Amino acid sequence: METKQIQETINMVEEEHLDIRTVTMGISLLDTIAGDPQQTAKNIYKKVTTYAKDLIKVAEQIEREYGIPITNKRISVTPIALIAGHATPDDMLYYAHALDDAAKAVGVDFIGGYSALVQKGFANGDLALIKSLPRALTETDLVMSSVNIGSTKAGINLDAIKLMGETVKGISEKSDTANAKLVIFANAVEDNPFMAGAFHGVSEADVVINVGVSGPGVVKRALEKVKGESIQVVAETVKKTAFKITRVGQMVGALAAERLGVEFGIVDLSLAPTPARGDSVAEVLEEIGLEQVGTHGTTAALMLLNDAVKKGGVMASQRVGGLSGAFIPVSEDAGMIDAAKEGTLTLSKLEAMTAVCSVGLDMIAIPGDTSAATISAMIADEAAIGVQNNKTTAVRILPTLGTKVGDMVDYGGLLGTAPVMSVVEKSSADFINRGGHIPAPIHSFKN
């Protein structure tokens, strides 16, 4: 690297909150299946701890050598429902605890993949996993879960949506925070390094390293230097900045994979915020020209940001994947929190923004007395946006008992703090209770 580029990277780390948000090791568990759940759980623990034993050490070596913070070290595994076989919901807890114990043994922050793929229907393992979720997510500390309920080719499983609304409600009755470890997807991707939705897809290699970059603060600082310039200059500035951020992620991922003796997977280009001031996607949107995120023009500004990040990132790495774009989790973004507290940012506006951002309704606190049917309907709306537009969408909704609109709920650490947002009180129960399958939309008559 030239001296100027080295200095730019140092400045991005020291002054602009650049970090590698996550180095995630994906591990296939397809070869751990045994004759009974207890033995399978033992096999899971052994494989995870064998391959990930040096993950923390290698990540910390890279941090020291290059001065680039790696905020999270994580593991993703094959969706557990795929290896569950004839397991009961109680049997599934062996798997959940094996994952939790393995994650703690190797020292990672989270382990994802306590997951099911039910966009077309349920197998026994899928239902067992979903029914186990209230206990699995409250009895473990580091296990993250996801359920995919729709896709552009399969349509939307309304029975699964109804069940997931009831499940989210059931989890909230056991814990105020456990729903932060569960995300409900449409069009889930197989190489996502970000939690809570990370799982290791069946088409992936046995063990891989995926990297998720960050950098809202770097983008904001770059945009501060082009105040008053045209929107084309804004887009070009974001592209150039995303290129630099992605090059750092590519380097870290390739180094980590080489030192661990596994394959390098992908770099996820997503701008992932934290609750820290200066590390906010909302602040980037406001730098583009909004008085506050959520006002009119927010969706257009977010579309520009998302597109420019992708265009800059794909020039910097041959291995781009995951979700890749801008995340808008309310509780994890200081600017989003401010806008939600003031009422500028509403659930309706967030839903519109999800049509052009990376994921969906993410880390949003709602009143604890919100019905399961209403939660299901929120999931259905997000799934419809994803399925129709052939993109990933997701819901991570956090009903909290005893709260009312305007209360603040603290989830701790990177999960941040969220204001309880209002939901429409009119019922959607008759729609949700119809069940069945919403057909896939027609985009063309070709496969």
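This is a predicted model: local features need pLDDT of at least 70, side-chain atom pairs count only at pLDDT 80 or more; totals for chains, interfaces and linings use all residues.

Colleague: Thanks! How many helices and strands does the protein have?

Modeller: The protein has 447 residues, and 60% of them are buried. Its secondary structure comes to 14 helices and 14 strands.

Colleague: What radius of gyration does the protein have, and how does that sit with a compact globule?

Modeller: Along the principal axes, the C-alpha atoms fill a box of roughly 60 × 55 × 50 Å. For 447 residues, a compact globule would have a radius of gyration near 22 Å, and the value for the protein agrees with that: 21 Å.

Colleague: What share of the contacts with a separation of 6 or more joins residues 24 or more positions apart?

Modeller: Contact here means heavy atoms within 4.5 Å. Among the contacts in the protein with a separation of 6 or more, the share from residues 24 or more positions apart is 78%.

Colleague: Now the helices. Are H6 and H13 parallel, perpendicular or oblique to each other?

Modeller: H6 covers residues 158-172 and H13 covers residues 372-389, and their axes lie 8 Å apart at an angle of about 125°. Angles of 65 to 115 degrees count as roughly perpendicular and those over 145 as roughly antiparallel. H6 and H13 are therefore oblique.

Colleague: How is H7 oriented relative to H9, parallel or perpendicular?

Modeller: H7 (residues 216-224) and H9 (residues 281-288) pack with their axes 9 Å apart, at an angle of about 15°. Angles under 35 degrees count as roughly parallel, so H7 relative to H9 is roughly parallel.

Colleague: And how many charged residues are there where H9 meets H10?

Modeller: The axes of H9 and H10 (residues 298-314) come within 10 Å and cross at roughly 105°. Val281, Val284, Leu285 and Ile288 of H9 meet Thr298, Ala301, Leu302, Leu304 and Leu305 of H10. By class, this contact has 8 nonpolar residues and 1 polar residue, and the number of charged residues is none.

How values were computed. Residues are numbered from 1 along each chain as its sequence is written. Side-chain values use heavy atoms; hydrogens and water are left out. Axes are lines fitted to C-alpha atoms, for helices over the stretch in contact, and angles run from 0 to 180 degrees between N-to-C directions. Helices (H or I, at least four residues) and strands (E, at least two) are DSSP runs, numbered from the N terminus. The radius of gyration is taken over C-alpha atoms; the globule rule is 2.2 Å times the number of residues to the power 0.38. Buried means under 20% relative accessible area, exposed over 50%, partly exposed in between (1.4 Å probe, protein chains only). Ala, Val, Leu, Ile, Met, Phe, Trp, Tyr, Cys and Pro count as nonpolar, Asp, Glu, Lys and Arg as charged, and the others, Gly among them, as polar.
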